[in-house]
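Here is a short tour for anyone meeting this structure for the first time. Have a look at the model, then read on.

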Amino acid sequence: MTYVLSDPHAEFDLFIKLLEKIEFSAQDKLIVCGDIVDKGKNSIRLLQYIKNMPNARCIIGNHEHMFLQYYWSLMQESPDDFDAVLLKLQQYFPYDGAFLDWEEVDWLETLPYYIEEKDFICVHAGLPMDAENKILPLAQAEREQLIYDRRFKDPNVLPNSDKCVFFGHTPTSYIGNETKILTYCKRENSPSSVRDFQKVHLDLGTWLCGKLGCFCVETCETHYVEK
């Protein structure tokens, strides 16, 4: 099975609890739509765990991007003092930054800003679309739109595509009255494929509500855990 989630925000225990609930195995796949770090207390612990999962893929969220921007600015100021740069990077994460090493920094730099598969696209915040809501070529998209777009969350913004779009960035409770994954189906009857969805909004505001969820691509089911 392939599972997609977003914005776990350093909530390591909830992340592990969710993997246990879905009985995640070596045969399964996981895609994380960004914002692994910040807000919670286990940024580096969660980052290291996901980095070492052979069957997990991640994209950059705005919080990873902000960290990388900070790193790039430090390297411009002190390009030869790697020890001083790493110390400042560790101080970026107030709870467990001491565990950050260059392996994690280098790994973050390798992450893409979107993942496109046969039946779906994963992005952190939003996608470029034309006047008819057709998705424009992603390779030409600006990073800022992919990681900061607030318009894409609106219920009336529905991509005209044969692929489902998974995204996070804004807690779903800002849209509706419930803290749950929001799905936008093309047809009124029960979906039989992930292609039956126009988009799936994944961010539950985990660091605020203590709830984390994921979507299973093959079964179109949602799964949740709470503190």
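Predicted model: local features only at pLDDT ≥ 70, side-chain atom pairs only at ≥ 80, totals over all residues.

A word to have in hand before we start: a residue counts as buried when its relative accessible area is under 20%, as exposed when it is over 50%, and as partly exposed in between.

## An aromatic cluster

Phe 93 belongs to an aromatic cluster made up of Phe 67, Tyr 70, Tyr 92 and Phe 93. A search through the whole structure turns up 13 aromatic pairs. Take Phe 67 and Tyr 92: their ring centres are 5.2 Å apart and their planes stand at 70°, so this pair is edge-to-face. Phe 67 sits in helix 3 (residues 62-77) and Tyr 92 in helix 4 (residues 82-92), so the pair ties together parts that are 25 residues apart in sequence.

Tyr 92 has a relative accessible area of 25%, which makes it partly exposed. Tyr 92 also forms an edge-to-face pair with Phe 93, at 5.0 Å centre to centre and with 75° between the planes.

## One side of helix 2

Now to helix 2, which spans residues 43-51. Which of its residues are buried? They are Ser 43, Ile 44, Leu 46, Leu 47, Ile 50 and Lys 51. These residues cover an arc of only 165° around the axis, so they lie on the same side of helix 2.

Next comes an open sheet of five strands, with mixed pairing and the order 4-5-6-8-7. Strand 4 (114-116) and strand 7 (182-185) are the edge strands, each pairing on one side only. On average, neighbouring strands of this sheet are turned by 10° against each other, direction ignored.

Inside this sheet, strand 5 (residues 120-123) and strand 6 (residues 164-167) run parallel and are joined by three bridges. If you'd like a place to look, find Cys 122, which stands opposite Phe 166 in strand 6.

## Strand 9 and its partners

Strand 9 (residues 211-216) and strand 10 run antiparallel, joined by five bridges. Phe 215 stands opposite Thr 222 in strand 10. The two strands make a hairpin with five residues between them, and Cys 220 in the turn has a positive phi of about 60°. Strand 1 is another partner: two bridges join it to strand 9, again running antiparallel. Here Tyr 3 has Cys 216 in strand 9 as its bridge partner.

How enclosed is strand 9? Six of its six residues are buried, so the strand is largely enclosed by the rest of the structure. Lys 211, Gly 213 and Phe 215 point one way and Leu 212, Cys 214 and Cys 216 the other, and all are buried. Strand 10 (residues 222-226) has one covered face, with His 223 and Val 225, and one uncovered face, with Thr 222, Tyr 224 and Glu 226.

## Lysines over rings

## Two residues with positive phi

Finally, go to the loop between strand 1 (2-5) and helix 1, where you'll find Asp 7. Asp 7 has a positive phi of about 55°, although it is not a glycine. With a relative accessibility of 0%, Asp 7 counts as buried.

Ala 10 lies in the loop between strand 1 and helix 1 too. Its phi is positive as well, at about 65°, and again it is not a glycine. Ala 10 is buried, with a relative accessible area of 1%.

Terms used
Residues numbered from 1 in each chain as written. Heavy atoms only, no water. Buried < 20%, exposed > 50% of the residue type's maximum accessible area, 1.4 Å probe, protein only. Helix = DSSP H or I, 4+ residues; strand = E, 2+ residues; numbered from the N terminus. Arc of directions from axis to C-beta. Pairing = 2+ DSSP bridges. Axes fitted to C-alpha atoms, helices over the stretch in contact; angles between N-to-C directions. Phe/Tyr/Trp six-rings, centres within 6.5 Å; stacked < 30°, edge-to-face > 60°.
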